[in-house]
Amino acid sequence: MPLSLPEKTLGFGLAAVARPGYITLGRDEDLGENRSVETLRARTHTLLDTAYAAGVRYFDAARSYGRSEEFLAGWLTARPEIDDVTVGSKWGYTYTADWSTDAEKHEVKDHSLATFERQRAETDALLGDRLDLYQIHSVTPDSPALTDRNLHARLAELAATGVAVGFSTSGPAQADAIRAALAVTVDGAPLFRTVQSTYNALETSAGPALAEARDAGLSVIVKEGMANGRLAAPHAPDALRAVAEETGLGCDAVALALVLRQPWADVVLSGAATVAQLGSNLDAATAVLDDGQAARLATLAEDPRAYWERRGQLPWH
């Protein structure tokens, strides 16, 4: 079955709600002190219900997002009538925090074939035939996933079963990673069907490469459109606040609308942790920014090295 990924719309990512610790600003206020498995499971299911009712049809998980696959699988199982969503997950990071917010390491990266085989089996046990897209998590230019022909062959075998294969990127050299991934082929055919990258008002460096990926036929998913909370109202820069006031929308909706405005962007992920945040995020789908407002927001872009250095310093709350 071909991958059915929505276009020019918002999706919902589970990174912030399926584990007790994450690097999003304001998390303590959003989640409070009770972050038990059952509490976050219920919160996740409520958010999934709200997103689905609002028309969201792409849901994004990962092996390293705590219990995201488990929570999503449980939600799907409890709602067998829902058969029109696209489910994506990722492999390549292992969650190691054991449901703690102060673990020394929260996740460990490994793009080896052995990790793929292990995590593919773990994902299959939870999501089974509901999985539509499996992505390599956070590819960088030095990732062995770009050159491991045995891994490529195994990914192509997975694709032949009907599960689309994609990749996500992170770091200041996202553009280089995207272009290297576009060159990966198996038996002369491009391996990847999707790319998921960080792009927001502060970090725009991947834009030209994402346009190239879209022209090459890949679907483009955008993550971290809120810059891990740096573009939310309490922390938003003045230019974003001003445009939000002009439009009557929240800073978050404006930030996400700016990403949706990019001609190459198919799905822009909301990483909301509360129903109120999700509702405000979803306003981005109907927001209209004029060229002048977009130009003012363009002045917020930072040097990608500085952006990723600051992101790396964000604490796990």
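**A parallel eight-stranded barrel**

Eight strands close up into a barrel, running E1-E2-E3-E6-E7-E10-E11-E12 with parallel pairing; strands pair here if DSSP finds at least two bridges between them. From one strand to the next the twist averages 30°. This is a predicted model, where local features need pLDDT of at least 70, side-chain atom pairs count only at pLDDT 80 or more, and totals for chains, interfaces and linings use all residues. Residues are numbered from 1 along each chain as its sequence is written, and side-chain values use heavy atoms, with hydrogens and water left out.

Helices (H or I, at least four residues) and strands (E, at least two) are DSSP runs, numbered from the N terminus.

**Around E1 and E12**

- Strand E1 (residues 9-13) runs parallel to strand E2 (residues 58-60), with two bridges joining them.
- Phenylalanine 12 sits opposite phenylalanine 59 in E2, and its bridge partner in E12 is serine 270.
- E1 and E12 also pair in the parallel sense, over four bridges.
- Strand E11 (residues 219-223) is joined to E12 by two bridges, again parallel, and valine 222 stands opposite valine 268 in E12.
- In strand E12 (residues 267-270), Val267 and Leu269 point one way while Val268 and Ser270 point the other, and all are buried (under 20% relative accessible area; exposed is over 50%, partly exposed in between, with a 1.4 Å probe and protein chains only).
- As a rule, side chains in a regular strand alternate between the two faces of the sheet.

**The nonpolar cores**

- A nonpolar core is a set of buried Ala, Val, Leu, Ile, Met, Phe, Trp, Tyr and Cys residues joined through side-chain atoms within 4.5 Å.
- The largest one has 87 residues, and Phe12, Phe59, Leu72, Phe167, Phe192 and Leu240 touch the most other members.
- Beyond its neighbours within four places in sequence, phenylalanine 167 is in contact (heavy atoms within 4.5 Å) with residues including Gln135, Ala177, Phe192 and Leu218.

**Helix H2**

- Helix H2 (residues 37-53) has 17 residues and reaches 24 Å from its first C-alpha to its last, close to the 24 Å expected at 1.5 Å a residue (1.5 Å times one less than its number of residues).
- Among its buried residues are Val37, Leu40, Arg41, Thr44 and His45.
- Seen down the H2 axis, the buried residues fall within an arc of 165°, so they line one face of the helix; the arc is that of the directions from the helix axis to the C-beta atoms.
- Those buried residues pack against E1, helix H1 (27-31), E2, helix H3 (68-78) and helix H10 (275-282).
- Glycine 55 follows H2, and its phi is positive, near 105°.

Note on methods. Axes fitted to C-alpha atoms, helices over the stretch in contact; angles between N-to-C directions.
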